[in-house]
Amino acid sequence: MATIPTSMPATTANWHWKNKNVTPWAKTWFERELTTISVQGDGGQVSISEVTEVDGDVELGQRKSKLITIYDCKVELNWTGKAADGAEVAGKLTIPEVSHEITLDGLSDYVWNFSLTTASSPAVDAIYKLAKSRLPVALEAKLSEFPSAIINTHGKDLTVSADPSRSGTPAPSSSTPTAAGGAPTSAPAVAAKVAPKKATAKAVNSTTVTIDGAFMASADDLFSILTDEKRLPSWTRAPAQSAAKPDTEYSLFGGGVKGKYISLSPPKEIVQTWALSSPTWPSGHFATLTTTLDQSTDHTKVIWSLSGVPLGMEDEIKGNIQRYYVHGLKSIGYVQLSLYTPPPPSRKSKAATIFKPQPVPSSHPYVALGLAALALAAAFTIPYVYK
């Protein structure tokens with residue numbers, strides 16, 4: 001019978017960077033959960049009647065066995081109310097940003113943009129005042145449940161747990177061998193010592209991955225947030241270490257990325273070694289990440305060029321840089337621009353090149369001589385004509 005290969009340990013499988021887009025599910029969650037909110041006051045009752053729009057992205061990521069919610073959405077709602085005298089009141093509410101940074105990190109506060117669609121009256125104004133004072137508290141409490149709902153619903157799709165069916169798999173026998181008659185043979189008294197082998201970094205076939213983004217921020221500000229130990233966690237959402245000096249070590253994403261600074265030229269360039277703490281990344285191998293910042297009048301273009309990426313990992317690393325670096329900056333308010341790239345010039349056909357009209361010579365040596373002779377004859381003839 002063929003032996004069943006042992007499964008990959010859960011700790012190893014969960015080390016990878018993984019992401020799952022759950023935006024469609026999130027929209028359904030907002031539509032279902034937010035419409036359950038209703039508040040009462042002295043002037044009457046107000047409730048969320050409809051979620052009209054959810055604009056943004058919602059993802060669940062995993063780094064080093066940790067599940068992290070990544071979301072930034074704009075939510076638009078309709079609300080209705082009933083005054084004490086039975087008058088119906090309606091209005092709209094826009095929440096410009098529902099994000100991880102507000103809900104969990106507390107880096108900023110929610111913004112509530114209320115509007116009233118019913119004609120104003122004392123009874124209507126009382127309901128409007130009730131909506132503006134009570135609905136934000138109830139909505140904030142409900143939105144605080146959103147990150148847990150993401151993890152509870154989708155976390156199992158990213159996290160690999162230990163397979164119970166493998167827990168009983170017998171390990172290789174450590175008992176002493178037996179002779180043909182069943183009597184155990186004597187084991188050697190002292191096991192031979194094996195000298196440990198030194199791990200040496202193997203040559204890795206590699207390539208270069210390049211990602212760029214344009215942000216409405218100064219180069220000084222972006223250089224600081226990419227190197228300052230105090231500001232790094234704001235967009236990496238994990239502990240970071242960075243002295244921002246040449247030949248010093250740094251660590252990002254809770255140790256998911258490590259390396260050393262090679263050179264720093266504020267605010268234009270950062271050169272650093274770069275290694276991913278993952279079983280898929282070759283042991284002892286370091287790539288080189290060069291980050292350049294080019295500031296123009298209204299934005300700064302940032303280019304991340306990572307040389308030394310092992311072949312076969314290009315798409316994974318490119319996606320990670322786009323997701324964790326570019327989107328990380330975008331998630332904390334750095335507006336990303338889409339720069340216009342003009343189309344390449346059209347190629348001229350070979351026929352046009354072959355049959356390109358040739359310029360007609362403007363003069364010929366014989367014609368020039370003839371004209372010179374005529375001019376000379378005229379010079380001698382004109383005086384006699386006048387006489």
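How many residues does helix H9 have, and how far does it reach from its first C-alpha to its last? Select residues 314-331 to find out: helix H9 has 18 residues and reaches 24 Å, close to the 26 Å expected at 1.5 Å a residue. That expected span is 1.5 Å times one less than the number of residues. Helices here are DSSP runs of H or I with at least four residues, strands are runs of E with at least two, and both are numbered from the N terminus.

Before you go on, note that this is a predicted model, where local features need pLDDT of at least 70 and side-chain atom pairs count only at pLDDT 80 or more, while totals for chains, interfaces and linings use all residues. Residues are numbered from 1 along each chain as its sequence is written, and side-chain values use heavy atoms, with hydrogens and water left out.

**Stop 1: around H9.** Stay on H9 and pick out its buried residues, among them Ile317, Ile321, Tyr324, Tyr325 and Leu329. (Buried means under 20% relative accessible area, exposed over 50%, and partly exposed in between, using a 1.4 Å probe and protein chains only.) Now click on glycine 333, which follows H9 and has a positive phi, near 105°.

**Stop 2: salt bridges.** Side chains of opposite charge can pair when their charged atoms come close. A salt bridge here is a side-chain nitrogen of Lys or Arg within 4 Å of a carboxyl oxygen of Asp or Glu, and the count by this rule is 9.

Select aspartate 221 and arginine 231: their closest N and O atoms are 2.9 Å apart in a salt bridge. Aspartate 221 sits in helix H7 (residues 219-227) and arginine 231 in the loop between H7 and helix H8 (232-236), so the pair ties together parts that are 10 residues apart in sequence. Aspartate 221 is partly exposed at 24%, and arginine 231 is partly exposed at 26%.

Next, pick lysine 260 and aspartate 247, a salt bridge with its closest N and O atoms 3.7 Å apart. Lysine 260 is in strand E10 (residues 257-265), and aspartate 247 is in the loop between strand E8 (241-242) and strand E9 (249-252), so this pair links parts 13 residues apart in sequence. Is aspartate 247 buried or exposed? Aspartate 247 is exposed, at 58%, whereas lysine 260 is partly exposed, at 35%.

**Stop 3: a network.** Select Arg32, Glu33, Lys142 and Glu145, which salt bridges with shared partners join into one network. Zoom in on arginine 32 and glutamate 33, whose closest N and O atoms are 3.1 Å apart. Arginine 32 is partly exposed at 43%, while glutamate 33 counts as buried at 18%.
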